[in-house]
Amino acid sequence: MTTESLLPARPAVSDDAFRHAMARLPTGVAVVTAQGPAGPVGCTVNAVMSLSLRPPALLVSLAGESRTLEQILDSGSFAVSVLSWDARHLARQFATGTAAQRFDGVSWQPQHGVPVLTAASVAAVCDVSSTAHMFDHTLVAGTVTWTRADERPPTVLYGNGQYKLGC
């Protein structure tokens with residue numbers, strides 16, 4: 001069965017109706033980063049999931065036209081930095097602007113050659129193992145080569161707000 005055969009025969013809901021409905025789905029917020037030839041690149045995502053224990057792997061979804069996706073595919077590696085509550089402002093910073101503006105004033109450290117945000121409550125570095133193009137996004141599966149987690153509460157998006165997990 002191909003992706004095209006999964007498309008509904010009836011009209012899809014409007015962009016606004018879909019956004020409104022999906023805003024009611026609580027989700028974590030993370031920044032996905034990669035190292036490009038001109039420096040680090042990154043973008044805000046809310047589609048991250050663990051994929052496998054053996055091998056340890058996770059899955060991220062990025063817009064097909066994403067500059068970060070382009071660098072991930074070129075370099076073969078990426079990092080996922082789950083934003084801690086104290087770093088929730090970075091969700092907006094990494095959603096707009098140029099690569100330089102996104103990293104402006106942001107503390108990060110390279111791990112396995114990939115930028116990892118210091119403000120992450122959970123971080124993982126991955127080697128790309130496979131990709132799949134789905135609609136207007138690309139799913140990237142990565143084998144985890146490094147990880148760190150601490151006790152700082154992560155940020156959760158719900159509706160039009162951000163919330164501290166564990167409150």
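**Close-up views of a predicted single-chain model**

**View 1. Cysteines in the model.** The count of disulfides (pairs of cysteine sulfur atoms within 2.5 Å) comes to zero. A disulfide is a covalent bond between the sulfur atoms of two cysteines. C43 is buried at 10% relative accessibility, where buried means under 20% relative accessible area, exposed over 50% and partly exposed in between, with a 1.4 Å probe and protein chains only. C126 is also buried, at 0%. This is a predicted model, in which local features need pLDDT of at least 70 and side-chain atom pairs count only at pLDDT 80 or more, while totals for chains, interfaces and linings use all residues. Residues are numbered from 1 along each chain as its sequence is written, and side-chain values use heavy atoms, with hydrogens and water left out.

**View 2. The whole chain.** The chain has four helices and twelve strands. Helices (H or I, at least four residues) and strands (E, at least two) are DSSP runs, numbered from the N terminus. Of the 167 residues, 35% count as buried. The chain exposes about 9800 Å², and carbon and sulfur atoms supply 57% of that area. Accessible areas come from the Shrake-Rupley method with a 1.4 Å probe; for residues, only the protein chains shown count as cover. Among contacts (heavy atoms within 4.5 Å) between residues at least 6 apart in sequence, 63% join residues at least 24 apart.

**View 3. The largest nonpolar core.** A nonpolar core is a set of buried Ala, Val, Leu, Ile, Met, Phe, Trp, Tyr and Cys residues joined through side-chain atoms within 4.5 Å. The largest one has 16 residues, of which V32, V60, L62 and F78 touch the most other members. At least two residues of this core come from each of strand 2 (30-36), strand 3 (39-45), strand 5, helix 2 (67-75), strand 6 and strand 9 (120-134). Beyond its neighbours within four places in sequence, V32 is in contact with residues including V41, V60, L62, I72 and F78. A second, separate core of ten residues includes V29, L83, A87 and F94.

**View 4. Strand 6 and its partners.** Six of the seven residues of strand 6 are buried, so this strand is largely enclosed by the rest of the structure. Two strands pair if DSSP finds at least two bridges between them. Strand 2 and strand 6 run antiparallel and are joined by four bridges; T33 has A79 of strand 6 as its bridge partner. Strand 6 also pairs with strand 9 in the antiparallel sense, over seven bridges, and there the partner of A79 is V125.

**View 5. Two serines.** S84 lies in the loop between strand 6 (77-83) and helix 3 (90-93) and is buried at 1% relative accessibility. Leaving out residues up to four places away in sequence, S84 touches A119, A120, S121, R152, P153, P154 and T155. S61 sits in strand 5 (residues 57-63) and is buried at 17%. With the sequence neighbours up to four places away not counted, S61 touches V45, A47, H137, T138 and L139.

View 6. A search of the whole structure finds two aromatic pairs. Rings of Phe, Tyr and Trp (its six-membered ring) pair if their centres lie within 6.5 Å; planes under 30 degrees apart count as stacked, over 60 as edge-to-face and the rest as tilted. The ring centres of F94 and F103 are 5.0 Å apart and the planes stand at 85°, so this pair is edge-to-face. The pair F103 and W108 is edge-to-face as well, with centres 6.1 Å apart and planes at 75°. F94 and F103 are both buried, whereas W108 is partly exposed at 31%. Ring pairs link F94, F103 and W108 into a cluster.
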